[in-house]
Amino acid sequence: MEYIQISIDGILYGSSYSLIALGFSLVFGVMRRINLAYGSSLLLGVAIALWVENELNISIIFFIPIVLFFCSMSNLYVERFCFAPHNTKAGVVVSMISSFAIWMQLDEISSQLLPDRTHSFPSLQISTFEVGGLFFRGDQILNIFIAFFISAILFLAVYKTKYGIVLRAVANSADTAKLMGCNTKLVNSLTFILAGVLGGIAAFLVLSTESQVTPLFGFWCTVKGLVAMMIGGLGSLTGAFWGGLLLGLLEAHFSYHFGPVFREITTFSILLIVLIIRPGGLMGVNIYKDLKSRDERI
Amino acid sequence: MSLYFVTILTNMTLISFIAISAYLILIVGEVSFGQQAFFGIGAYITATLTTLLGLDIVIALFFSFMVSASFALVLSVLTIRLSGFYFAVASLSFAELFRLSLYKIEYTVETNSGTVGPNGPEGFQNIRWIFENNVSPDNFLVIAVSSLLALIILLIFMENSKLFKNARLVGKDQIVAQSIGIRPFFYRVGFITLAGGVAGFGGGLFALFNTYIEPSMFGIMLGVHGLAYSIIGGLGYPLGPLIGVFIDIGLLESVRFLSEYRMILFGGLVAAILIIFPEGIISPRLISRIKRKLVKKTNA
Amino acid sequence: MLELKGLKKLFKGISVLNGVDISIQQGTKIGLSGGNGTGKSTLLNIATGFLTPEEGAIILNGDNITHFEAWKFARLGVKRTFQKVRFNEALILKEQLHTSDAIIKRNLDMLKDAGLIDYLYAFPNEVPLPILRKVEVIRALLERPRYLFLDEPSAGMAATDLHDFGEFLKEHLDADISLVVVEHRLELMKKIDANIIELRDGKLDNGNIIA
């Protein structure tokens, strides 16, 4: 019974990871690039939204769109500043490092906007319920449904709509897509905005279950999202969803048995082990089939 | 010199070791987000050896170098199949694992100068080597700067050696390197190991200078800074990383009205510099151009 | 002698090479032709160690070297050039030869014939392609290989450049070096009197050639 309760808590908590990982996956899937400032830009979006809420004193119904708006705007800022100028093949690593550097900028602005270490965050006030002696947190159940719903919608959007075809064309080969008349710059910007909206939803849901926000939220988002995505498989939307739940499950068990520090230790151990043994992720592809040639065409 | 100025110079010198270790890894074509871990390993080793065993600073720093290098060696062999983003994230997770395990390492001894030894989240306190040996801040600065200078001069001399040229080729194009018989594995592992050692040495000095260290000092922001310094400095010449250090600490931190917004300004500055100079300020191409000019002048 | 025995290679389930056998004797010149997508480049990549075949073996002087890494092939004297010239755009050509001044001095004749002398201090983007192709050959020749594979050397070269290139190869290739030219055009192969073999549907057209 105890094990089942821990597993339930873990999986429910993992839904937050899934939500964040989906945004990562979207950007990686389309641009083959990693946005390390993703978590920080969500934090910045939330911080600005909180500041606005504080100034104008608005209700939660209007607060949600404000969060989404500022998250997508700060994500767009990262795209314009760190990714758009480095759109060549050599720019893959440069843009990753550039986003790594912007990370500290966004984190610092956010902590100046949130002067207290912890800042309360509006909660959705959904109560916990009990089924057969097991406890389920209502807000986390909502999260897992929304995560599933979003990944399903994204999956359909990417594989069944016209925008999805353009997206996949750009992902497959940006140069070819450009020749076929796709506006790749616009697609990239839209992807970042979409990832921002997605991240905004994720950030709102996660923070409302915690009912507080700290300046560490940016780091937390980036790391957990990254790990969940890499466990599931890089750039795979379903992989990101399941990866998040798996990470939550494992963390819950390890931290229960060995203490709270082991929550984080588990995260990084899993990441390191997955990278060493199966770099493409558990559900992704094996990226180096031919060890000699790596995956480069000569 | 005022104490404030000496402290800033010492900090610049110490962080240069991380910047140079990030530079060494960039030469073989990888990006490491985890050099702060080797800095931390070195710091804890030197702290332990000087306080608990009372060893001489030279021996302690030597062990800092060796132990950090060994950890780097293991990491580089384990991640031999990874490159680019995958290696970067692997190094980051290694660094965070190290930092988190510091919270669990507790081994303290009571001495007449207070409690010493790694003490979990409390950190390692009372590293009193500076006081016991009456090393003034000025003298410590001399020690730190001369070690850094020795390292840089060594690197400048090595720059024209076959070892470094081959390493740069491996970093630029492994396919061409293999086609002329260069073994990428050897250079990759070698340089990552060396970089670990360099960071560890700097960490050892840092522990002595700071007199106390704690796990949170070796967080990811230290790594971001070290990497950013060498990236904006450029990969052309070993002096590149120092340019980055100078811009951040020398300009932003020491100017009072800027220092409050240092992280905000520096983060933006790095991204802006990368737009103007994608290969850093002293890029390899710039160095080649300068060399060519010098050759033409001597021929004429 | 370099022997390729029963090489098979699949890419994503599609068979590219389907049992290729060649023996390359010391000092022979072979032209490997075939249309697009017949697996010429794959064969070259396998023969020089840049890809591993699913089946078959590569035997060098009696030793099985199939699973060696590419750098070891190069050290054993099996060298190659690239279809798309590969140079570091940040280095002058002299440094891209990756060799010492002494060796450059010893091979000054070769550099002169390649027209490289004027370009030693130039960056790759300042140098015409025919010369870059020769630089790749020189880079491979400086270390005295036993077997040299050229991957599409005539791509992007005009007829006169190709003529020059052929003359250059004839002049500077020692008699004991085996040369394999992989191409779909035949001019260069004819110019250097190579034995022409055609690759079709992942197999050699005239069975097991002993060239």
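Reply: Strand E11 (residues 209–210) of chain C has the lowest mean pLDDT among the elements of that chain, 49. Strand E6 (residues 78–80) of chain C has the highest, 93. Here pLDDT is the predictor's confidence in each residue, from 0 to 100. Helices (H or I, at least four residues) and strands (E, at least two) are DSSP runs, numbered from the N terminus. Over chain C the mean pLDDT is 86, and 97% of the residues reach 70 or more. For the complex, the predictor gives an ipTM of 0.89 and a pTM of 0.91.

This is a predicted model, in which local features need pLDDT of at least 70 and side-chain atom pairs count only at pLDDT 80 or more, while totals for chains, interfaces and linings use all residues. Residues are numbered from 1 along each chain as its sequence is written, and chains are lettered from A and ligands numbered from 1 in the order in which they are written.

Now chain A. It has eleven helices and four strands. Its radius of gyration (over C-alpha atoms) is 19 Å; the globule rule (2.2 Å times the number of residues to the power 0.38) also gives 19 Å for 298 residues, so chain A is as compact as a globular protein of that length. The C-alpha trace of chain A spans about 60 × 45 × 35 Å along its principal axes. Of its 298 residues, 51% count as buried (20 or more other C-beta atoms within 10 Å of the residue's own, with C-beta atoms placed from the backbone).

A contact means C-beta atoms, placed from the backbone, within 7 Å.

Look at Val89(B). Leaving out residues up to four places away in sequence, Val89(B) touches Leu226(A), Met230(A), Leu271(A) and Leu275(A). The largest nonpolar core holds 244 residues, and Val46(A), Ala101(A), Val89(B) and Phe191(B) touch the most other members. Such a core is a set of buried Ala, Val, Leu, Ile, Met, Phe, Trp, Tyr and Cys residues joined through C-beta atoms within 7 Å.

In chain B, helix H7 (residues 162–172) has buried residues as well. They are Asn166(B), Ala167(B), Arg168(B), Leu169(B), Val170(B), Gly171(B) and Lys172(B). Their cover includes helix H1 (3–27), helix H8 (174–179) and helix H9 (184–210) of chain B.

Last, a hairpin in chain A. Strand E2 (residues 128–131) of chain A runs antiparallel to strand E3 (residues 134–137) of chain A, joined by four bridges; pairing takes at least two bridges found by DSSP. Val131(A) has Leu134(A) as its bridge partner in E3(A). Two residues lie between E2(A) and E3(A), and Gly132(A) in the turn has a positive phi of about 55°.

Note on methods:
A residue is buried if 20 or more other C-beta atoms lie within 10 Å of its own, exposed if 12 or fewer, and partly exposed in between; C-beta atoms are placed from the backbone. Two residues are in contact if their C-beta atoms, placed from the backbone, lie within 7 Å.
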